[in-house]
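The report below goes through one protein model and its side-chain packing. Please look at the sequence and the structure before reading on.

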Amino acid sequence: MPLNAGDTAPDFTVKDTNGNTVRLSDYAGQMVVLYFYPKDDTPGCTKQACSFRDNYTQYTSKNIPVFGVSMDDEASHQKFTEKFSLPFPLLADTDGAITKAYDVDGGGYSKRVTYVIGADGKISKVYSSIQTETHAADILQDLGV
C-alpha cells in the first residue's frame, strides 16, 4: 500500500537519465511531482510519460519539478527519453530502494503511483488510480495550478 498524504516523503539520492545525482532534499521548499511507473517504453508508461511531456511547461511555469521513477537503468531511460523527447529527468532506481521506501514495490517493478510532495517535505497528494493519457493534466487541475 502506498504512503499516505501527510507522511514525510522519504529522501533519496539517485542517478537520473544523464547520470546526474538527484536528491529529493535539494528540492526542499518547493512542490515536487514524483511519479512511479513499471517499465520504460511500454504502452501505458509511454502514455503517462507523454502526458507529463505535453504538460511540462505548465509544471515549469509553476516551478514544480517532475521526476519519473522506475527500476530501469540509465541506458534504458536515455533511450526512452530520446524516443519520446521527454523534457524531465527519469530516475534510475535500479536497486529498488526508492520504490521500496515509497511502498510501491510490485515485485521487481514499480507500481504506477504518483506522489505530490509539498514544500514542507510532506506528501500532499497520492494518486494510485491513474488515467495514463490525462494524468499530468489531471494533477494540474486537482492542484488548481
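Which residues does Thr17 touch, not counting residues up to four places away in sequence?

## Basis of the description

This is a predicted model, in which local features need pLDDT of at least 70 and side-chain atom pairs count only at pLDDT 80 or more, while totals for chains, interfaces and linings use all residues. Residues are numbered from 1 along each chain as its sequence is written, and side-chain values use heavy atoms, with hydrogens and water left out.

## Surroundings of Thr17

With contact taken as heavy atoms within 4.5 Å, Thr17 touches Glu74, His77, Gln78, Thr81, Pro89 and Leu90, residues up to four places away in sequence not being counted. Thr17 itself is placed in the loop between strand 1 (13-15) and strand 2 (21-23); helices (H or I, at least four residues) and strands (E, at least two) are DSSP runs, numbered from the N terminus.

Thr17 has a relative accessible area of 4% and is therefore buried, where buried means under 20% relative accessible area, exposed over 50%, and partly exposed in between (1.4 Å probe, protein chains only). Its side chain reaches the backbone nitrogen of Leu90 at 2.9 Å. Such a polar contact is a pair of N or O atoms within 3.5 Å; within protein, one must be able to donate a hydrogen and the other to accept it, and residues adjacent in sequence count only if both atoms are side-chain atoms.

## Helix 2

The residues His77, Phe80, Thr81 and Phe84 of helix 2 are buried. They cover an arc of only 100° around the axis, so they lie on the same side of helix 2, the arc being that of the directions from the helix axis to the C-beta atoms. Lys79, Glu82 and Lys83, on the other side of helix 2, are exposed. The cover over the buried residues of helix 2 includes helix 1 (43-61), strand 4 (66-70) and strand 5 (90-92).

At the start of helix 2, a side-chain oxygen of Asp73 comes to within 3.3 Å of the backbone nitrogen of Ala75. The residue that follows helix 2 is Ser85, with a positive phi near 50°.

## Aromatic pairs

Over the whole structure, a search finds 13 aromatic pairs. Rings of Phe, Tyr and Trp (its six-membered ring) pair if their centres lie within 6.5 Å, and planes under 30 degrees apart count as stacked, over 60 as edge-to-face and the rest as tilted. One of the pairs joins Phe36 and Tyr115, which is edge-to-face because the ring centres are 6.0 Å apart and the planes stand at 90°. Since Phe36 lies in strand 3 (residues 32-36) and Tyr115 in strand 6 (residues 113-117), this pair ties together parts that are 79 residues apart in sequence. Phe36 is buried at 0% relative accessibility, and Tyr115 is likewise buried, with a relative accessible area of 0%.

Phe80 and Phe84 also form an edge-to-face pair, 5.6 Å centre to centre with 75° between the planes. Both lie in helix 2 (residues 74-84), four residues apart, or about one turn of the helix. Phe80 is buried at a relative accessible area of 1%, and Phe84 counts as buried at 18% relative accessibility. Phe80 and Phe84 belong to one aromatic cluster, whose members include Tyr35, Phe52, Tyr59 and Phe88.

A nonpolar core is a set of buried Ala, Val, Leu, Ile, Met, Phe, Trp, Tyr and Cys residues joined through side-chain atoms within 4.5 Å. The largest one has 22 residues, of which Val33, Tyr35, Phe52, Tyr59, Val66 and Phe88 touch the most other members. Strand 3, helix 1, helix 2 and helix 4 (135-143) each supply at least two residues of this core, and helix 1 gives the largest share, six residues. Not counting residues up to four places away in sequence, the contacts of Phe52 include Val33, Val66, His135, Ala136 and Ile139. A second, separate core of 19 residues has Ala9, Val69, Leu91 and Val113 among its members.

In helix 4, the buried residues are His135, Ala136, Ile139 and Leu140. Their arc around the axis is only 140°, which puts them on the same side of helix 4. They are covered by parts including strand 3, helix 1, strand 6 and strand 7 (123-127). Just after helix 4, Gly144 takes a positive phi of about 70°.
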